[in-house]
Amino acid sequence: MDRPATRTVACPSCKGPSVYAESNRWRPFCSERCRSVDLGAWASERFRVPAETPPGDDDAVRSEH
Ligand SMILES: [Zn+2]
């Protein structure tokens, strides 16, 4: 049994099979949609992390909430 030329990984977004090869420009995601969904979630996660906020902006962000 020949080793497959391409390997698949679980798409981080939909957990479906994603071709991890140069032919898949969205790797490790299975599609552009999954990549943008995941990046959007990651960006909003990051936005909520206080450590990622510069000290000078911290009070301004808190006062808005
Ligand atoms: Zn996916």
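Which residue takes a positive phi in the hairpin of strand 1 and strand 2? Lys15 does, with a phi near 65 degrees, and the hairpin has 6 residues between the strands. The model is predicted: local features need pLDDT of at least 70, side-chain atom pairs count only at pLDDT 80 or more, and totals for chains, interfaces and linings use all residues. Residues are numbered from 1 along each chain as its sequence is written.

The protein has 2 helices and 2 strands, in the order β-β-α-α from the N terminus. Helices (H or I, at least four residues) and strands (E, at least two) are DSSP runs, numbered from the N terminus. Strand 1 pairs with strand 2 in the antiparallel sense over 4 bridges; pairing requires that DSSP find at least two bridges between two strands.

Confidence is expressed as pLDDT, the predictor's score for each residue from 0 to 100. The average for the protein is 80, and 66% of the residues score at least 70.

| Element | Residues | Mean pLDDT |
|---|---|---|
| Strand 2 (highest) | residues 17–20 | 96 |
| Helix 2 (lowest) | residues 55–64 | 62 |

Arg7 belongs to strand 1 and stands opposite Tyr20 in strand 2. The C-alpha atoms of Arg7 and Ala21 are 7.1 Å apart, with a sequence separation of 14 residues. Arg7 is exposed because 10 other C-beta atoms lie within 10 Å; a residue is exposed at 12 or fewer, buried at 20 or more and partly exposed in between, with C-beta atoms placed from the backbone. Of the 65 residues, 8% count as buried.
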